[in-house]
Amino acid sequence: MSLPTPVKAAVVRISTTSGSIKVVAEPGLTEVRSNTGPLLTDESSTTIEGGHARVSVRVPEGTDLVVGARSGRVTIEGRVGSVSAVTTSGRVSIDAAGSVDVRTKSGRIDVGRTMSTCRAVASSGRIEVGRCGEADVTTRSGRIVLKDAHGTVRAHCVSGRVEIAMATADDVDAETVSGRIGISLPSAVRPQIVSSRGDIVDAAAFDCVVVARSGSGRVDVSNR
């Protein structure tokens, strides 16, 4: 089933009760195509309601997505616009997006890259992000990995390790109750560091502020 949709009105809303959701963004595509229905449209958006079925959708590159799933994996391939996704359980994987806001109760979150903001919240599960701008990441139980951050970073978890690699001289606030924290900065960046004990390692002139606190675990802040 296919539904012609102007590229400029590229907002697609997808929901399922159970079953996986897969979205593929294709260069040159000018319409939304889905293996299921019903498809509803107005001047600003297209809605796909999958119910209990597995949903497979093809969209034009740069399409904004709003995804809701109770159970089942969510996979987004290709380059899309902003992504807002809420799931109860199931892994969420996003290849490339303009911005990301993902919330899940149970399941791993993987984001390849975002051009701007990345927000991710999980009750339990690992969160891993490749290249991003500003990041705000929280999980109660699970590891947090930010590989290439280009903006202010907040990373908080209750139980789990936190690893952050900064690409720019931006502030970092990282905290875990139980687990190790590792933060790496570019070689020329001079940070002011607030340690787990609340000590301030002062620099005569600093480029950013790094707050790193762990209730039980080693904290490492270094230049690479």
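**Figure 1. Side-chain directions in strand S20 of the predicted model.** In strand S20 (residues 191-194), Pro-191 and Ile-193 point one way, while Gln-192 and Val-194 point the other way. All of these residues are buried, where buried means under 20% relative accessible area, exposed over 50% and partly exposed in between, with a 1.4 Å probe and protein chains only. In a regular strand the side chains alternate between the two faces of the sheet. S20 pairs in the parallel sense with strand S22 (residues 208-216) over 4 bridges. Pro-191 has Cys-208 as its bridge partner in S22. Strands (E, at least two residues) and helices (H or I, at least four) are DSSP runs numbered from the N terminus, and two strands pair if DSSP finds at least two bridges between them. This is a predicted model, in which local features need pLDDT of at least 70 and side-chain atom pairs count only at pLDDT 80 or more, while totals for chains, interfaces and linings use all residues. Residues are numbered from 1 along each chain as its sequence is written, and side-chain values use heavy atoms, with hydrogens and water left out.

**Figure 2. The whole chain.** The secondary structure comes to 0 helices and 23 strands. Along its principal axes, the C-alpha trace spans about 60 × 30 × 25 Å. The chain has 224 residues, of which 45% count as buried. Its accessible surface comes to about 10,200 Å², and 48% of this belongs to carbon and sulfur atoms; the areas come from the Shrake-Rupley method with a 1.4 Å probe, and for residues only the protein chains shown count as cover. Among contacts with a separation of 6 or more, 33% are between residues 24 or more positions apart, a contact being heavy atoms within 4.5 Å.

Figure 3. The largest nonpolar core has 52 residues, and Val-153, Ile-164 and Ile-183 touch the most other members. Such a core is a set of buried Ala, Val, Leu, Ile, Met, Phe, Trp, Tyr and Cys residues joined through side-chain atoms within 4.5 Å. In soluble globular proteins, nonpolar side chains tend to be buried together. Leaving aside residues up to four places away in sequence, Ile-164 touches Leu-146, Val-153, Ala-155, Val-172, Ala-174, Gly-182, Ile-183 and Ser-184.

**Figure 4. Parallel pairing of strands S14, S16 and S18.** Strand S14 (residues 135-141) pairs in the parallel sense with strand S16 (residues 153-159) over 6 bridges. Ser-141 stands opposite Ser-159 in S16. S16 also runs parallel to strand S18 (residues 172-178), to which 6 bridges join S16. His-156 stands opposite Glu-175 in S18.

**Figure 5. Strands S2, S8 and S9, with Thr-16.** S2 and strand S8 (residues 64-71) are parallel partners over 6 bridges, and Ser-15 stands opposite Gly-68 in S8. S8 in turn pairs in the parallel sense with strand S9 (residues 74-89) over 6 bridges; the bridge partner of Ser-71 in S9 is Ser-89. Thr-16 lies in strand S2 (residues 11-16) and counts as buried because its relative accessibility is 7%. Not counting residues up to four places away in sequence, Thr-16 touches Ile-21, Gly-50, Gly-51, Ala-53, Val-55, Gly-68, Ala-69 and Arg-70.

Figure 6. Pro-27 lies in the loop between strand S3 (21-26) and strand S4 (31-34). Pro-27 counts as exposed because its relative accessibility is 61%. The C-alpha atoms of Pro-27 and Arg-79, which are 52 residues apart in sequence, are 8.7 Å apart in space. Asp-42 is found in the loop between strand S5 (39-41) and strand S6 (46-51). With 48% relative accessibility, Asp-42 counts as partly exposed. Asp-42 and Thr-139 are 97 residues apart in sequence, and 36 Å separates their C-alpha atoms.

**Figure 7. Surroundings of Arg-180.** Arg-180 lies in the loop between S18 and strand S19 (181-185). Arg-180 is partly exposed, its relative accessible area being 33%. Residues up to four places away in sequence not counted, Arg-180 touches Gly-160, Arg-161, Val-162, Arg-218 and Asp-220. Arg-180 and Ser-124 are 56 residues apart along the chain, with their C-alpha atoms separated by 17 Å.

**Figure 8. Surroundings of Gly-98.** Gly-98 lies in strand S10 (residues 92-106). Apart from residues up to four places away in sequence, Gly-98 touches Val-80, Gly-81, Ser-82, Thr-114, Met-115, Ser-116 and Thr-117. Gly-98 and Ile-164 are 66 residues apart in sequence and 21 Å apart in space, C-alpha to C-alpha.
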